[in-house]
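Here's a quick walk through the packing inside this protein. Have the model open and follow along.

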Amino acid sequence: MKLAKPSLDKDLSKIVTMEEATRSISQHLFAPGLAILFLAVAGGFASILIGAQPNAVYIVVAATLGGYMALNIGANDVANNVGPAVGSRALTMTGALIIAAVFESAGALLAGGDVVSTISKGIIDPSLVPDSQTFIWAMMAALLSSALWVNLATYIGAPVSTTHSVVGGVMGSGIAAVGFGAVNWFTMSKIAASWVISPLLGGIIAALFLAFIKSNIIYRDDKIAAARRWVPMLLAIMATAFSCYLMMKGLKKIWKPDYATVAMIGAGIFVASYALLKPVIRKQSEGMENRNQSLRELFHLPLIFSAALLSFAHGANDVANAVGPLAAVLHAVESGDIAAKVSIPIWVMIIGAIGISLGLFLYGPKLIRMVGEQITKMNPMRAYCVALSAAITVIMASALGLPVSSTHIAVGAVFGVGFFREYYTKKSKRRRQYVRQHERHPESKHEGVVSDREEIGRRKLVRRSHFTTIIAAWVITVPAAALLSASIFFVITFVL
């Protein structure tokens, strides 16, 4: 009888342990299960809409692959838009996911282009493809390979360019189908140049704005007075940059203004924003303590708006990475010919928009934390520099005709902020003078002020492991996607 109770306790303990293990397994299976269900629905949705027609199975398969690519775009690419805001605590993870999903979908459905290039970025001459059947296999191989590569990058925690993934996929299947002569190598050289141009421009612009904020606001004795002077101007610059960004990149379906019109409207927005924000910042800063934490509060709301606007513009532009090859397959099956550009049916855009949002909710938090927290520490001022750099760099590149990646820009800006902090910590005479001054007056120490020796002796402010992993992923994205795509194309043509 004495053994009965201990035996019962052991049995109950085993049952509880089994229940916990079952719950843990079911939680891990929830995300892939929901993703598979979405792909099945996407394929079924396509089959219902296209009806019974010859080769309809190709469209169903392409719709499933387009949904898979959309899931991966949501899991990987969207992190760049909201990561800095989450890392700076301006947005919670839940708030960021909701804002990104809503504005990504709105951008895709309301402002996404009516037409899309069938051969991404014009890297393959469609006239050289011998027939529509070969073209369909090439597009499917490109779509599957780019999705698999982005999926792998997300798994290892590397934010990569989905545009470059699609470019690599199209190039690989194009070479496999037609040969190396089909590739526009001049265009490919410009895309390769963007691997360097995008992160460098993003990093330099972000570092310059952070240098300005540190010199003119953070390391001033009267921080509040400095903030009242400069923050309205900084936020007006942000409002102007994002307005121009949306006019040039996010509203192409609704309105396509020329550069002169964009410049005139931008100048008007700057003047109006500055006049409106100056009394708002003065009122908001009343009663604030003279410390860095007070300054951070002034940037919270602008960061939320920036995350929303970046997501809207991203949805308008990059949904084509998921649905472009799908639209190309749809056109080739229905018309039997190969077109340089094709229209995008609304149901195709819906698959892309829902897939991006679902991928963001299921798998996005991992890359959001990577971009916003793990590369370098963020606060609202640094996140402001990253967001503003993303908008300004795209505007500059578009005006100059330079090919850039929004992913490389945003992550490059994060690197720029982190490396500038390292440089400023070690080299800035103003910072050392400021630190020594407050060390002599302990009662006046502000948040973030520590001894010069302690600060310089800290470990690197940019995690080198993340830096090397991400740079390596960027460099091999196009060739890896191309090699994978060519392999898939050969397997398809061999089997079928």
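## Core and aromatic pairs

In this predicted model, the largest nonpolar core has 158 residues, and Trp 347 and Tyr 384 make the most contacts inside it. Helix 11 (residues 300-335) gives the largest share of this core, 17 residues.

Click on Trp 347 and look past its neighbours within four places in sequence: its contacts include Phe 45, Leu 49, Ile 59 and Leu 330.

Now for helix 13 (residues 380-400), which has 21 residues and reaches 30 Å from first C-alpha to last. The rest of the structure largely encloses helix 13, because 17 of its 21 residues are buried. Asn 379 caps its N-terminal end, with a side-chain oxygen 3.1 Å from the backbone nitrogen of Met 381.

As for rings, the structure holds 14 aromatic pairs. Here are two of them:

| Pair | Centre distance | Plane angle | Type |
|---|---|---|---|
| Tyr 219 and Tyr 424 | 5.8 Å | 10 degrees | stacked |
| Phe 415 and Phe 467 | 4.9 Å | 80 degrees | edge-to-face |

Tyr 219 sits in the loop between helix 7 (185-218) and helix 8 (223-250), while Tyr 424 is in helix 14 (residues 406-427), so their pair ties together parts 205 residues apart in sequence. Tyr 219 is buried at 12% relative accessible area, and Tyr 424 is buried at 7%.

Phe 415 is buried, at 5% relative accessible area, whereas Phe 467 is partly exposed at 27%.

Note on methods
Residues are numbered from 1 along each chain as its sequence is written. This is a predicted model: local features need pLDDT of at least 70, side-chain atom pairs count only at pLDDT 80 or more; totals for chains, interfaces and linings use all residues. Side-chain values use heavy atoms; hydrogens and water are left out. Helices (H or I, at least four residues) and strands (E, at least two) are DSSP runs, numbered from the N terminus. The expected span of a helix is 1.5 Å times one less than its number of residues. Buried means under 20% relative accessible area, exposed over 50%, partly exposed in between (1.4 Å probe, protein chains only). A polar contact is a pair of N or O atoms within 3.5 Å; within protein, one must be able to donate a hydrogen and the other to accept it, and residues adjacent in sequence count only if both atoms are side-chain atoms. A nonpolar core is a set of buried Ala, Val, Leu, Ile, Met, Phe, Trp, Tyr and Cys residues joined through side-chain atoms within 4.5 Å. Contact means heavy atoms within 4.5 Å. Rings of Phe, Tyr and Trp (its six-membered ring) pair if their centres lie within 6.5 Å; planes under 30 degrees apart count as stacked, over 60 as edge-to-face and the rest as tilted.
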